Every structure is written in C-alpha cells, then in structure tokens.
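Here is a short walk through one part of a protein model. Keep the structure open and follow along.

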Amino acid sequence: MEGMSESENVSTMPEWEQRFRAPRVSLPDWAEDAPDRSLFVSNATGTYELYAWDRASGRQRQVTDRPNGTTDGVLTPDGEAIWWFSDTDGDEFGVWMRQPFGGGEDEPAAPGLAPSYPAGLAIGRDGSAVIGRSTDEDGTTIHLVRPAGGEPVEIYRHRESAGVGDLSYDGTLIALEHTEHGDAMHSALRVVRPDGSMVGELDDTEGGTKELGLAVLGFAPVAGDTRLLVGHQRRGRWEPMIWDPVAGTETALPVDLPGDVGAEWYPDGSALLIEHSFEARSELWRYEPGAAEPVRVDTPAGTVSGATARPDGTVEYLWSSAAQPPVVRSTSGAVVLDPPGAKAPPSVPVEDAWVEGPGGRIHALVQRPATGEGPFPTVFEIHGGPTWHDSDAFASGPAAWVDHGFAVVRVNYRGSTGYGRAWTDALKHRVGLIELEDIAAVREWSVASGLADPQRLVLAGGSWGGYLTLLGLGTQPDAWALGLAAVPVADYVTAYHDEMEALKAMDRTLLGGTPEEVPERFEASSPLTYVDAVRAPVYISAGVNDPRCPIRQVENYVDRLAARGAVHEVYRYDAGHGSLVVEERIKQVRLELEFALKHLGGGAVQGA
C-alpha cells in the first residue's frame with residue numbers, strides 16, 4: 001500500500017506468507033586464507049542470490065542478480081574472487097563465472113570448457129582449479145585449469161557418475177568420488193596427482209558386489225599434510241575416518257554415536273568438528289585425534305543445517321526447529337548474521353511418532369494445529385531425494401498447512417537417510433512401492449490414533465515426494481482424498497530418457513538397469529502405469545526447464561488424465577526443479593491451498 005513501510009506491509013499479511021517473505025541467510029562460507037571474507041545466500045531482494053560480506057568493515061554487497069536466482073558459489077582461498085555457476089533459468093546446465101570479491105565485471109572462470117551440468121569444484125591456492133563436468137554425451141569429465149591460462153587439461157573421464165571431492169592444501173593431490181563399478185548410490189574414492197596419475201584408491205563396494213559407500217570430507221588444511229578425512233559405512237551408518245593415500249594408512253576414529261556422523265577439520269587441523277544426525281535431530285561435537293572420545297559442542301535441541309569452525313576456535317552454525325525459524329549462531333553466544341527486516345513468525349513444534357511397518361519401525365514427524373481437536377484434515381508431506389530425510393527443522397510449507405487447520409505428517413520412509421545404511425539401501429527394484437508401504441502404515445496409525453480424518457487425507461510432495469504422490473494416487477486410490485505433486489516423476493520411462501546423465505545412473509542403480517533391460521520394473525514403478533485408476537482430484541506443478549523431472553514426461557501423464565476427464569489442475573512455471581523466487585513460491589503454495597480447500601472444504605486461503 002502507498003505510504004506504508006515494507007515492514008508494516010509485511011506485518012499485515014497472514015503469517016504463512018510472512019514466513020516465506022522474511023529475509024533469510026545461509027551459513028556464511030569463508031575464505032581459507034582470508035577468513036574475514038565471507039559468502040552467503042539470501043532472499044533479501046525477493047530472490048535467492050549470492051552476497052559477499054567483508055567482516056572487517058561490515059560491508060555486504062549483492063554478487064549476483066538474475067531473474068531466477070543463484071545459489072551455487074565458492075570463494076577462492078585468498079578471498080580475492082568469487083566463482084558462481086551460471087545456468088539458464090534453473091536448467092542447471094551452464095558454466096562457472098568469476099567476479100572480484102570487491103565487485104566488478106563477471107568473466108568466464110574457465111573459458112576453454114563448454115557448458116555442462118556441474119560435477120564438483122576445487123580451487124587451489126595458486127589459482128588453479130579442478131572442475132567436474134557431466135554431459136549426456138561424455139558422462140563425467142574432470143579438468144585442471146591453470147591460472148596462467150591455456151587449454152584445460154582433462155585428467156579423468158568415465159561414462160558413470162563421478163565428481164571432484166577436494167584439493168589438498170598445497171595443490172599436489174586431488175580427491176575424486178566415482179561410481180565406475182556401476183552403483184550410483186555407493187561411491188569409491190580415488191586420489192590422483194594434477195597430471196592424472198594414481199596415488200591411491202579406496203573402494204568399499206568390492207567391484208560393485210558389496211553395497212558400502214565412501215565420501216570425501218576434506219584434506220587436512222595444513223601444508224604438506226596428506227591426510228584425507230572420509231566418510232564410510234563399514235559399521236552400518238555414515239561415520240568418519242582418516243585415510244592417508246600417500247602412506248597407505250587408514251585410521252578409525254572412536255566416535256561411537258548413534259545415527260549418521262559427518263565431520264570437517266578445524267582450520268589448523270588439530271581437531272574435527274563432528275556433525276551428528278539421529279532420529280531427525282542433530283548436534284555438534286569436537287574430536288581431537290588421539291582422544292578417547294569427542295566432546296559435546298553446546299547447541300539447542302533441533303536441527304543444525306550446517307556448521308563451520310572459525311580460526312579463533314569458535315563454531316558458527318545454522319540452527320532451527322519446526323517451531324522456531326533459522327538463525328546463524330556462534331558458540332560465543334552471538335548471532336552471527338542477522339538479516340534486516342521482519343522476522344518469520346514461529347510455528348508449532350513437531351511431535352515424534354514411531355509406527356511398526358513392513359520393513360521395521362518407521363519414524364514420522366507430526367505437527368497439529370494449536371487450536372481445535374482432531375481428527376484433522378491431514379497432509380502427508382512426503383520428502384524428496386529419496387536419499388534425504390525430514391527433520392525437526394523450520395519449514396514454511398508445512399507451517400502454512402497448519403495455519404489453515406491441517407495436521408501435517410512427514411514420513412521418513414525406507415530409502416531415507418539418518419537411520420542407518422540398511423534403511424537407506426532397502427530402496428531397490430520395487431522403487432516407489434516400498435516407500436508407499438511405509439506411508440500406508442503411518443496413514444493407518446494417523447487415523448486409528450484420532451489425528452487424521454480418513455475422508456480428508458492429502459498426499460503431497462515435491463520431486464521424489466511428487467513422484468510418490470502420483471504413484472500413491474494410482475496404487476492406493478481409495479486411501480487419498482486429494483493429491484498435490486510438485487516437479488514429479490510421472491512417466492518413469494520418458495523421465496529416464498530425458499533427465500540429466502547423473503540421474504540416469506541413479507535410476508539404473510535403483511531399478512537394476514535401463515528401461516530396455518528391466519522394462520517390468522520401470523512399468524511397476526511408474527505413475528503412468530496406474531493413471532487410469534486415479535480417482536482423487538490431483539494438482540501438478542512443474543518447471544518447464546527442469547532437468548531432473550523433465551516437463552515432457554509430466555505432459556504425458558497430464559494428457560492421460562485429461563483424456564478421461566479426471567479432475568486435475570496443472571501449473572507450469574518458467575524455472576527448473578523448483579523456484580528461487582519468493583513470490584513464485586508463495587504463488588505455488590497459495591494455489592495448492594486453494595485447490596485443497598476447494599475440494600475438501602474448510603474456507604478460504606488466508607490473505608487470498
């Protein structure tokens with residue numbers, strides 16, 4: 001409104017919109033040799049973009065400014081430049097650009113490399129860079145770019161997916177993750193010299209016959225130190241160890257915490273910052289090699305979405321809970337980066353539900369309206385990935401449903417991370433159907449417990465969650481009153497042929513081959529197979545530039561719905577796999593709310 005300040009204008013909006021519009025910041029990254037220079041992501045302009053922050057002067061400036069936003073950026077070790085990935089309207093296909101930290105013109109960072117999907121980046125102290133590329137034509141290629149110019153040198157090539165892990169402090173060692181054995185869910189590690197010559201190999205898959213993965217966590221940040229921190233699954237969960245590929249030694253770490261454990265080095269290499277995830281919460285620990293056990297770093301209950309140790313020994317971390325919005329904190333007690341503007345209103349806390357399922361105990365997170373008594377209309381908000389998990393973290397989407405009188409249930413089905421390797425790896429061959437068995441078990445519990453109204457159950461999700469939504473509407477047509485699918489896989493065969501190469505590799509791992517090799521598995525797992533059984537109204541949103549869940553396969557599914565007059569609505573938007581524009585995201589949530597309230601009853605959308 002004219003004459004009204006921005007903060008006053010936001011305060012008059014419904015709380016669900018305020019949560020989306022509230023300025024947010026990511027955990028700031030910082031230059032290894034210039035720690036006062038930082039890079040973070042913020043939605044302060046209404047679009048998520050990169051920002052440079054000079055901590056010494058307090059100056060902040062916007063680095064990128066593109067219609068569909070930018071989130072992928074890296075500082076050079078000396079803090080003199082920012083590399084950022086430039087794609088076209090969210091299609092994830094592009095090149096790395098470079099801009100001076102203090103501002104200036106953008107220029108191609110590696111002009112000799114053609115556009116591609118990114119497959120990792122590591123920048124050395126001498127200005128050299130190791131750049132990973134993925135294309136449909138070549139699979140994965142990895143290149144060394146020298147600061148003096150000249151043509152990039154290819155140091156790795158393979159049809160299967162791979163990526164750049166890290167570059168050692170002095171630039172003499174390059175760590176790669178690869179899946180040459182054909183199992184895209186479980187990487188092996190290789191360390192090479194800048195000329196591509198082999199230094200060491202670590203492979204826990206035994207040529208693809210054993211399902212154990214490895215991950216690069218980072219070289220020791222000390223000159224001449226050849227130790228590499230890696231993640232492994234040898235004891236049934238992710239945990240760290242130290243591998244020295246030059247000496248050929250492996251050092252186990254006595255970090256006996258339940259759940260998955262990640263780690264990174266403290267800046268002087270004297271200790272490790274441990275990130276521990278267990279049953280949808282996370283916490284931090286400090287471990288000094290040689291010590292008997294780690295020491296707890298005090299953080300509030302909830303979820304730590306990222307953490308970094310600073311040169312002064314303090315730890316900065318991004319924290320939130322389902323009830324409280326995110327904030328970047330320090331173990332010194334300070335709020336590190338507090339964006340100006342209105343703050344996001346809180347939501348309701350999450351409750352834990354444990355339900356016996358066909359593959360073991362299933363963990364679900366439940367939020368219910370603060371007023372009124374159940375049974376409630378209930379949204380099953382299904383996470384993507386599938387190798388991901390919902391946690392006790394702030395999420396504006398579920399909070400919007402709670403504001404409108406819905407309960408929200410989020411299920412960490414088989415295939416989710418955070419519950420051990422066996423739970424994640426259970427997702428094989430009967431893809432989609434396994435997850436829906438777990439969702440069905442939690443759905444039955446929600447009705448029996450009095451939480452959910454069985455006549456007003458909504459199946460919803462984005463990406464893999466959108467895929468499970470469409471598959472569930474077709475295979476469980478009597479169970480759901482409504483479906484909301486965002487950027488989904490809808491026609492698995494067409495999706496396979498149109499998607500980016502790295503996802504083709506993942507699908508071959510999940511289903512055991514290509515659509516031509518195992519057609520019966522693709523057919524059994526494709527929502528298109530069951531589209532004629534769908535009876536619930538279905539709403540679909542899709543990005544026209546999406547390389548992960550491409551638009552053509554969505555149109556195939558929609559055409560089948562339309563051919564038989566099924567109740568459906570489709571919203572297509574000019575972006576990729578989701579949107580980085582706040583107004584666009586609000587529009588999509590509003591459309592979903594309107595669709596649900598129109599078909600289920602319950603009034604109008606707040607503020608619409």
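Begin with a pair of strands. Strand 33 (residues 452-462) pairs with strand 34 in the parallel sense, over five bridges. Two strands pair if DSSP finds at least two bridges between them. Helices (H or I, at least four residues) and strands (E, at least two) are DSSP runs, numbered from the N terminus. Look at Leu459: its bridge partner in strand 34 is Gly483.

The model is predicted, so local features need pLDDT of at least 70, side-chain atom pairs count only at pLDDT 80 or more, and totals for chains, interfaces and linings use all residues. Residues are numbered from 1 along each chain as its sequence is written, and side-chain values use heavy atoms, without hydrogens and water.

Now widen the view. Eight strands form an open sheet, in the order 29-30-32-31-33-34-35-36, with mixed pairing. Strand 29 (351-357) and strand 36 (568-573) stand at the edges. Each has a single partner strand, so one side of each has no neighbour in the sheet. From one strand to the next, the twist averages 20 degrees.

Helix 3 packs on this sheet, in contact (heavy atoms within 4.5 Å) with strand 30, strand 31, strand 32 and strand 34. The direction of helix 3 makes about 145 degrees with that of strand 32. Such angles run from 0 to 180 degrees between N-to-C directions, with axes fitted to C-alpha atoms, for helices over the stretch in contact.

How many of the eight residues of helix 3 are buried? Seven are. Buried means under 20% relative accessible area (1.4 Å probe, protein chains only). Trp401 is one of them. After helix 3 comes Gly405, with a positive phi near 90 degrees.

Notes
Buried < 20%, exposed > 50% of the residue type's maximum accessible area, 1.4 Å probe, protein only.
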